[in-house]
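Dear colleague,

Please find the structure below, handed over for your records. My findings follow directly after it.

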Amino acid sequence: MTDTVTLPAQAVIGRRIAFSYRDDLRHIPRDQIGTITAIADDQPRCLRIRLDGTRSGIYVRPDYENLRYLDEVIPVPDLPMGRFTPTGSEAGFDHAFDGVSIVEFEEGDMAALTPDRAKAEAAIATYLREVHGMEDESEIRDEVAELRLRTVAFEWQPEDAEADWHMDDAELNTDHAVQVHYLPVA
């Protein structure tokens with residue numbers, strides 16, 4: 001049996017929505033407001049919704065009980081693309097220690113967004129203590145000793161890519177090239 005879903009008239013690209021995984025739509029956090037960016041034609045029909053502040057779409061059935069169509073219809077905002085210079089949390093640098101943004105990649109390697117080695121060492125050491133719970137100071141010193149200065153460029157990826165952005169080696173004089181201290185996974 002084919003699962004068919006009729007699209008409600010409100011299900012249009014650009015429609016603002018409120019969405020929740022919970023049953024209560026009365027108090028929706030700001031990060032659960034978004035915009036319909038596409039309508040999938042396959043069955044079951046789904047709406048691709050980009051929640052505000054994210055790059056990736058989620059797919060939701062148009063008749064999902066915790067989806068509320070809002071009155072506003074807007075042009076779907078373009079996502080920034082190409083190279084960029086990260087300034088903090090917009091690129092997933094969720095942690096900042098001693099004024100230095102830190103990102104940890106899925107593989108476990110890390111980058112400190114600073115060309116200053118002393119600042120990178122302090123930030124990574126604090127990160128290892130506070131996020132990874134490391135207590136052995138000699139082990140922390142051994143880890144930060146492995147920091148390597150790299151010149152890289154960050155580049156946004158398309159919506160629904162596996163990662164929001166990539167960090168690739170670059171020449172220092174190229175657009176948006178920055179220096180980071182990189183800690184490879186052991």
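Along the sequence, the protein chain of this predicted model follows the pattern β-β-β-β-β-β-β-β-β-α-α-β-β-β. In total, the protein chain has two helices and 12 strands. Of its 186 residues, 42% are buried. Among contacts between residues at least 6 apart in sequence, 57% join residues at least 24 apart. The accessible surface amounts to about 10,900 Å², and carbon and sulfur atoms account for 47% of this area.

Strand S10 spans residues 148-156 and takes part in the following pairings.

- With strand S6 (residues 82-84), S10 pairs in the antiparallel sense over three bridges; here Trp156 of S10 is the bridge partner of Gly82.
- With strand S11 (residues 165-169), S10 forms an antiparallel pairing over five bridges, in which Trp156 stands opposite Trp165.
- With strand S12 (residues 178-183), S10 also runs antiparallel, joined by five bridges; Arg148 stands opposite Tyr182 of S12.

Thr151 lies in strand S10. Is this residue buried or exposed? Thr151 has a relative accessibility of 16%, and because this is under 20%, Thr151 counts as buried. The side chain of Thr151 makes a polar contact with the side chain of Gln179, at 3.5 Å. Leaving aside residues up to four places away in sequence, Thr151 touches Asp168, Asp169, Ala170, Glu171, Leu172, Ala177, Val178 and Gln179.

Residues with positive phi

Most residues other than glycine have a negative phi. Against that background, two residues may be noted.

Asp98 is not a glycine, yet has a positive phi of about 55 degrees. Asp98 is found in the loop between strand S7 (95-97) and strand S8 (100-104). Asp98 counts as exposed because its relative accessibility is 53%, which is over 50%.

His176 likewise has a positive phi, near 60 degrees, in a residue other than glycine. The loop between S11 and S12 holds His176. With a relative accessible area of 37%, His176 is partly exposed.

Yours sincerely

Key. Residues are numbered from 1 along each chain as its sequence is written. This is a predicted model: local features need pLDDT of at least 70, side-chain atom pairs count only at pLDDT 80 or more; totals for chains, interfaces and linings use all residues. Side-chain values use heavy atoms; hydrogens and water are left out. Helices (H or I, at least four residues) and strands (E, at least two) are DSSP runs, numbered from the N terminus. Buried means under 20% relative accessible area, exposed over 50%, partly exposed in between (1.4 Å probe, protein chains only). A polar contact is a pair of N or O atoms within 3.5 Å; within protein, one must be able to donate a hydrogen and the other to accept it, and residues adjacent in sequence count only if both atoms are side-chain atoms. Contact means heavy atoms within 4.5 Å. Two strands pair if DSSP finds at least two bridges between them. Accessible areas come from the Shrake-Rupley method with a 1.4 Å probe; for residues, only the protein chains shown count as cover.
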